[in-house]
Amino acid sequence: MAGLGFGYFYVCATLAIAGALATVLARNPIRGALGLMSMIVAVAGLFLALHAEFLAIIQLIVYAGAIVVLFLFVIMLLGPSAMGTRDSRGQITRAISGGLFGLASIGAMVLVIRPAWTHAMKLGTPDNTFGKVDAMGQALFGDYVVPFELSSALLMVAIVGAVAVARGRHQTDAKNLVKEGSAE
């Protein structure tokens, strides 16, 4: 990262934070998806600063190229009628739950980052294999094969659940349409 300077890091980090905030705070779902895409591009830039070209390309292909496009496709498919109405019931419960979730998330990040930070301070700079395809393959299919397989199973369950929900909604809409047609 010394070759690119800290200016590049600060630009990418600022863009990543701005994109993340735009994703969370945007009322329009399309603007939220575009904020997510800007955050993903900035994170890919941070990977480039670490000389992890493979991770940067995968970040762009998988997340910016597939996930964000899928989000935009679903948003466009659902249309503006998919926006939920404002529900004022249970705002206090939701605020407390959100605050507790935020505190738990911050605690988890501290527990994860603190050992990694002290470990990184002891090691200094990463070795030449950091972010390379061979090292990623060795780590992914060696030490981390169980989390890799669990994440693929989780994605499969999410896809099956999405299809089941979409099929159930489609059948309910068809029944309502038949009922409306027979009532006339």
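Okay, a definition to start: when I say helix, I mean a DSSP run of H or I with at least four residues, strands are E runs of at least two, and both are numbered from the N terminus. With that in hand, reading along the sequence, the protein chain goes α-α-α-α-α-α. That comes to six helices and zero strands.

Quick housekeeping. This is a predicted model, so local features need pLDDT of at least 70 and side-chain atom pairs count only at pLDDT 80 or more, while totals for chains, interfaces and linings use all residues. Residues are numbered from 1 along each chain as its sequence is written, and side-chain values use heavy atoms, with hydrogens and water left out.

Now the overall picture. Of the 184 residues in the protein chain, 11% count as buried. Buried here is under 20% relative accessible area, exposed is over 50%, and partly exposed is in between, with a 1.4 Å probe and protein chains only. The chain exposes about 14,500 Å², and carbon and sulfur atoms supply 73% of that. Those areas come from the Shrake-Rupley method with a 1.4 Å probe, and for residues only the protein chains shown count as cover. As for contacts, meaning heavy atoms within 4.5 Å, take the ones between residues at least 6 apart in sequence: 58% of them join residues at least 24 apart.

Let's go to H2 and H3. How do these two helices pack? H2, residues 29–49, and H3, residues 53–78, pack at an angle of about 175°, with their axes 8 Å apart. The axes are lines fitted to C-alpha atoms, for helices over the stretch in contact, and angles run from 0 to 180 degrees between N-to-C directions. So H2 and H3 are roughly antiparallel; the cut-offs are under 35 degrees for roughly parallel, over 145 for roughly antiparallel, 65 to 115 for roughly perpendicular, and oblique for the rest.

Which residues meet there? On the H2 side they include Ile30, Leu36, Ile40 and Phe47, and on the H3 side they include Leu60, Tyr63, Phe71 and Ile75. By class, this contact has 21 nonpolar, one polar and one charged residues. Nonpolar covers Ala, Val, Leu, Ile, Met, Phe, Trp, Tyr, Cys and Pro; charged covers Asp, Glu, Lys and Arg; the others, Gly among them, are polar.

Have a look at Gln59, which is in H3. Is Gln59 buried or exposed? Gln59 is buried, because its relative accessible area is 12%. Leaving out residues up to four places away in sequence, Gln59 touches Ile40, Val43, Ala44, Phe47 and Ala64.

Between H2 and H3 there's a loop, and His51 sits in it. His51 has a positive phi of about 60°, although it is not a glycine. At 47% relative accessibility, His51 counts as partly exposed.

On to H1, residues 5–25, where we find Ala16. Ala16 is buried at 11% relative accessible area, and, again skipping residues up to four places away, Ala16 touches Met39, Ala42 and Val43. Ala16 and Ala42 are 26 residues apart in sequence but 5.1 Å apart in space, C-alpha to C-alpha.

Last stop, the aromatics. A search of the whole structure finds one aromatic pair. Phe9 and Tyr10 form that pair, edge-to-face, 5.5 Å centre to centre with 65° between the planes. Rings of Phe, Tyr and Trp (its six-membered ring) pair if their centres lie within 6.5 Å, and planes under 30 degrees apart are stacked, over 60 edge-to-face, and the rest tilted. Phe9 is partly exposed at 28% relative accessibility, and Tyr10 is exposed at 52%.
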